[in-house]
Every structure is written in C-alpha cells, then in structure tokens.
Amino acid sequence: MVFHYAALILDVWLGLRRTARARFVRPDGLRGWWRSLPGDMLGRLVMRGCGIPAPTREHDAGDVTAMLVEDVRVARWFRAHLIPVQAQTLGRYVFSRGPIPDHMLAHECEHIRQWERFGPLYLPLYFGSSALATLRRRRPYWDNSFEVEARARADRESATREVPDKRAGLVANRDAANS
Ligand SMILES: [Zn+2]
C-alpha cells in the first residue's frame, strides 16, 4: 500500500517535470507557471489515482491549454463528491466521464484561467466564495463567484459560435473594447 502511493507520487513528479520542461521552451508558457503547479499536481494525482495513464487530448484555447481526461474511470473520483459532478478542472487538467461538449469546455477553460490567476490560493478562495454564498442564503455552487464567471464566459463564447458569420465582427469588437 505504502509502496503503491510512493510510486504514484514519484510518477506524478516525473510527469510534472516533463511538463515543466516543455513549458520552459515556450517563453509565453513560463508566465504563471508556478501558479499552475499545485493544481496540475492535484490533477495528475487524481488522473493517476483513477488508473488513467495520460490525458485523452489537449485543447488549445488560445491563452490556456487544457489537458482533457475524458475517461469513464473518472467516475471513481466524482463519486467521492458531495454534489453531482459533470466535469471538473484541477490546474490544467479537465476531468469528465466522456467527451466534453464545447460549452462545458469553455466553462472549464475559465476555471483553468482562475487556477493560473490565483495558484495555491484558488481552492481556499473557491470554497470561501461558496461559504459566503451560503451565509447570504444563496446557493453554494450556483452563486459561487468563480462559477458565475465561468458560466458567463462559456455563454459569451457559445453566443459567438452560434453566429459564425458575425464571429469575425464580434471578435474585432471585443478586441477594440479591450484595447
Ligand atoms: Zn464550474
């Protein structure tokens, strides 16, 4: 048993070192790398703990890269949660029992940005936001501000997808608004 966990941790560590090396060769990948480390470590630990050797695919969302783990074995981890879970993001690792639809993926990519923004503080802040919602007699998951933000982002992105001919115009407008 102890040996099993030692092997698991060593395996996770070696995997992270490979990822870190790959990120160091991309200069833009370096920014925020240390912040994504705790999440990535958790993500890899959960993935290997479910007996899944590697992510199913990578998704490049432009500013972030998601490592998708779309595997039925993820159910083992999801069952340990108090609330029903469809998908979950730990660092850059996005977990789901099967193929993740675009809208859900956009939502999870926003969680990756949150992980990169807050690093080791992300989980305490996330649960803090749920606690605050509960104190205000609101819904701990639905009214969590990180979830609100992720839902808004996914809605914006799918609105853009639904009108492909206007897409270029919307992106141009958004860029103009950001600049
Ligand atoms: Zn979410």
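Mentor: Before we start, helices here are DSSP runs of H or I with at least four residues, strands are runs of E with at least two, and both are numbered from the N terminus. With that, this predicted model reads α-α-α-β-β-α-β-β-α-α-α-α from the N terminus on.

Trainee: How many helices and strands does that come to?

Mentor: The protein has 8 helices and 4 strands.

Trainee: And what does pLDDT say about the protein and its elements?

Mentor: The mean pLDDT is 86, with 81% of the residues reaching 70 or more. Among the elements, strand 4 has the highest mean, 98, while helix 2 (residues 27-30) has the lowest, 55.

Trainee: What makes strand 1 and strand 2 a pair?

Mentor: Pairing takes at least two bridges. Strand 1 (residues 57-60) and strand 2 (residues 65-70) have 4 bridges, in the antiparallel sense, so they pass that cut-off. One spot to look at is E58, which stands opposite M67 in strand 2. In the hairpin between these strands, G62 takes a positive phi near 95 degrees.

Trainee: How do you know that strand 4 pairs with strand 2 and with strand 3?

Mentor: Apply the cut-off of at least two bridges again. Strand 2 and strand 4 (residues 93-96) pair over 4 bridges in the parallel sense, with S96 as the bridge partner of E70. Strand 3 and strand 4 also pair over 4 bridges, but in the antiparallel sense, and there V94 is the bridge partner of T89. The hairpin of strand 3 and strand 4 has 2 residues between the strands, and its G91 takes a positive phi near 65 degrees.

Trainee: Why does the length of helix 5 agree with what a helix should span?

Mentor: Helix 5 (residues 102-118) has 17 residues, which at 1.5 Å a residue should span 24 Å. Its end C-alpha atoms are 25 Å apart, so the two values agree. Just after helix 5, G119 takes a positive phi of about 55 degrees.

Trainee: What is E108 in contact with, away from its sequence neighbours?

Mentor: Leaving aside neighbours within four places in sequence, E108 is in contact with A66, A87, T89 and V94. Take A87: it is 21 residues from E108 along the chain, yet their C-alpha atoms are separated by 7.7 Å.

Trainee: What makes up the largest nonpolar core?

Mentor: That core has 19 residues, and those with the most contacts inside it are A66, M67, L68, V69, Y93, V94 and F95. Helix 3 (33-49), strand 2, strand 3 (87-90), strand 4 and helix 5 each give two or more residues to this core. Helix 5 gives the most, with 5 residues.

Trainee: Which residues is Y93 in contact with, leaving aside its neighbours within four places in sequence?

Mentor: Y93 is in contact with D40, G43, R44, M47, P55, M67 and V69.

Trainee: And what share of the protein's contacts with a separation of 6 or more comes from residues 24 or more positions apart?

Mentor: Those residues account for 59% of such contacts.

Note on methods. Residues are numbered from 1 along each chain as its sequence is written. This is a predicted model: local features need pLDDT of at least 70, side-chain atom pairs count only at pLDDT 80 or more; totals for chains, interfaces and linings use all residues. The expected span of a helix is 1.5 Å times one less than its number of residues. A nonpolar core is a set of buried Ala, Val, Leu, Ile, Met, Phe, Trp, Tyr and Cys residues joined through C-beta atoms within 7 Å. A residue is buried if 20 or more other C-beta atoms lie within 10 Å of its own, exposed if 12 or fewer, and partly exposed in between; C-beta atoms are placed from the backbone. Two residues are in contact if their C-beta atoms, placed from the backbone, lie within 7 Å. pLDDT is the predictor's confidence in each residue, from 0 to 100.
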